[in-house]
Amino acid sequence: MNYDLNTKQGMDNAVAWTRRTFEMIKDGGKWVVPRSGTIVTIYRAEKAVSIKQGFMPDDCIERVIKAMGWKIK
């Protein structure tokens, strides 16, 4: 599957994957991204997240979340 964020198909796939992931996490829950150690706290009611960068900063996470139409606190 294509997850190249610089292509429409890749971004669409990444957005779909992230939406499915967020659906499994309850409001106020956290997602720790294994590849970077980034902690994403999910606020479903607000369609917002807060992000604490981990050991390896990863701007792709913010790009995908913004493409989903969610806000970053």
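This is a predicted model: local features need pLDDT of at least 70, side-chain atom pairs count only at pLDDT 80 or more; totals for chains, interfaces and linings use all residues.
Residues are numbered from 1 along each chain as its sequence is written, and side-chain values use heavy atoms, with hydrogens and water left out.

A pair of aromatic rings is described by the distance of the centres and the angle of the planes. Rings of Phe, Tyr and Trp (its six-membered ring) are taken to pair if their centres lie within 6.5 Å, and planes under 30 degrees apart count as stacked, over 60 as edge-to-face and the rest as tilted. Three aromatic pairs are present in the structure. In one of them, the rings of Trp17 and Trp31 have centres 5.9 Å apart and planes at 50 degrees, and the pair is therefore tilted. Because Trp17 belongs to helix H1 (residues 8-23) and Trp31 to strand E1 (residues 30-33), this pair ties together parts that are 14 residues apart in sequence; helices (H or I, at least four residues) and strands (E, at least two) are DSSP runs, numbered from the N terminus. Trp31 counts as buried at 14% relative accessibility, while Trp17, at 37%, is partly exposed, where buried means under 20% relative accessible area, exposed over 50% and partly exposed in between (1.4 Å probe, protein chains only). The rings of Phe22 and Trp31 have centres 6.0 Å apart and planes at 75 degrees, so this pair is edge-to-face, and Phe22 is buried, with a relative accessible area of 3%. Trp17, Phe22 and Trp31 form one aromatic cluster together with Trp70.

In helix H2 (residues 59-67), the buried residues are Ile61, Val64 and Ile65. They lie on the same side of H2, because the arc that they cover around the axis is only 100 degrees, the arc being that of the directions from the helix axis to the C-beta atoms. Asp59 and Lys66, on the other side of H2, are exposed. The buried residues of H2 pack against H1, E1, strand E2 (38-43), strand E3 (48-52) and strand E4 (71-72), with contact meaning heavy atoms within 4.5 Å. After H2 comes Gly69, whose phi is positive, near 90 degrees.
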